[in-house]
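Please keep the sequence and the 3D view open while you read.

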Amino acid sequence: MKVLVADDSIVMRRLLESSLAGWNYQVLCAKDGAEAWAYLQSDDPPSLAVLDWMMPVYSGLDLCRMVRALNRTPYTYLILLTARGEREDIVEGLSAGADDYVVKPFDKHELEVRLRAGRRIIDLQSELMHTQEALREQAMKDALTGVWNRASIMEILDREVARATRDSAPLGVLMLDLDHFKHINDNYGHQAGDEALRGVAARISSAQRSYDSFGRYGGEEFMIVAPGCDEAYLISHAERLRNAIDSQSFKIGGKELHLTASFGACALDPELHASADDLVRAADAALYAAKHAGRNAVVYHHPVIAQRLD
Ligand SMILES: [Mg+2]
């Protein structure tokens with residue numbers, strides 16, 4: 001764990017540095033408030049800081065206020081070093097944002113214990129942040145397949161439509177639907193149905209491009225948002241994904257099952273699609289046409305097709 005030691009006395013700095021290094025902290029040293037501030041507001045700030053109260057440029061007290069005003073996560077645990085005379089001002093130090101204080105000349109053991117308390121707070125906070133991140137991720141993913149859920153993939157599409165419109169860049173959307181899914185459920189059970197969805201999602205995930213986004217739209221329907229894809233590219237991309245499913249059977253419930261999917265494709269045309277919803281509707285209409293055409297097929301949406309289907 002990285003700890004900043006800021007003190008204008010070289011003797012004190014050396015003493016703190018050697019003590020902290022002995023307790024296996026990675027020590028950064030600052031000789032005044034300005035140097036300390038540079039470390040504290042850097043992109044990779046120390047988790048803990050031991051700040052002398054009286055220092056040139058910024059005092060330890062100033063630094064406490066400045067760090068707290070940044071209001072950043074992860075938290076920086078601040079320990080003020082005070083001389084005896086300043087001890088009565090300790091309330092001021094704590095209300096400025098210090099977490100703890102140590103009186104100079106400091107007792108080594110006391111400092112070690114106080115640092116350990118700070119470290120515990122920092123560790124707990126980082127655990128909490130990881131948990132929050134995991135929960136946030138969980139809320140955005142489809143529980144069965146692990147790909148984006150409908151709300152997330154729609155949010156991604158919204159963002160990509162806005163970006164592509166602004167930059168006049170191509171953007172493609174693919175809707176894909178497992179063929180005869182009801183048949184799998186009816187003949188092999190719902191667990192097999194779940195396995196089929198997971199298997200197809202895994203195969204699409206590994207066949208897609210790294211900059212594609214892939215989500216479960218609902219039931220056995222999935223959506224792929226493919227930035228940079230115009231009509232021709234989108235069709236060949238969809239063909240490749242269709243083939244990834246069709247070319248190799250799936251092992252489901254101990255049986256080899258041959259699965260296929262139908263694809264509806266549509267590239268963004270700002271003249272035709274004012275919103276992400278318009279684009280989804282168009283790709284969905286093409287998917288419907290692919291089902292009609294006998295399934296295991298890719299159909300690109302042209303306005304003509306839409307007219308015929310309407
Ligand atoms: Mg000093």
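**Notes on the predicted model**

1. In this predicted model, the C-alpha centres of domain 1 and domain 2 lie 53 Å apart. The chain is divided so that domain 1 covers 2–138, while domain 2 covers 150–309.

2. An open sheet is formed by five strands, which follow the order 7-8-6-11-12 with mixed pairing. Its edge strands, each pairing on one side only, are strand 7 (213–218) and strand 12 (298–300). On average, and with direction ignored, neighbouring strands of this sheet are turned by 20° against each other.

3. Strand 11 (residues 261–267) and strand 12 run parallel and are joined by three bridges; within strand 12, V298 is the bridge partner of F263.

4. Helix 9 (residues 231–246) packs on the sheet, where it touches strand 6, strand 8, strand 11 and strand 12, and its direction makes about 165° with that of strand 11. Helix 6 (residues 150–167) lies across strand 6 (171–178), strand 7 and strand 8 (221–227), and runs at about 130° to strand 7.

5. The largest nonpolar core has 50 residues, of which V173, L174, A265, A283 and A286 touch the most other members. Helix 10 (residues 276–292) gives the most to this core, namely ten residues. A second, separate core has 31 residues, including L48, V50, C64 and L81.

6. Is K31 partly exposed or buried? K31 sits in the loop between strand 2 (26–30) and helix 2 (33–40), and it counts as partly exposed because it has 18 C-beta neighbours inside 10 Å, whereas a buried residue needs 20 or more. Apart from neighbours within four places in sequence, K31 is in contact with D8 and R13.

Methods
Residues are numbered from 1 along each chain as its sequence is written. This is a predicted model: local features need pLDDT of at least 70, side-chain atom pairs count only at pLDDT 80 or more; totals for chains, interfaces and linings use all residues. Helices (H or I, at least four residues) and strands (E, at least two) are DSSP runs, numbered from the N terminus. A residue is buried if 20 or more other C-beta atoms lie within 10 Å of its own, exposed if 12 or fewer, and partly exposed in between; C-beta atoms are placed from the backbone. Two residues are in contact if their C-beta atoms, placed from the backbone, lie within 7 Å. A nonpolar core is a set of buried Ala, Val, Leu, Ile, Met, Phe, Trp, Tyr and Cys residues joined through C-beta atoms within 7 Å. Domain bounds come from an automatic or database domain assignment. Two strands pair if DSSP finds at least two bridges between them. Axes are lines fitted to C-alpha atoms, for helices over the stretch in contact, and angles run from 0 to 180 degrees between N-to-C directions.
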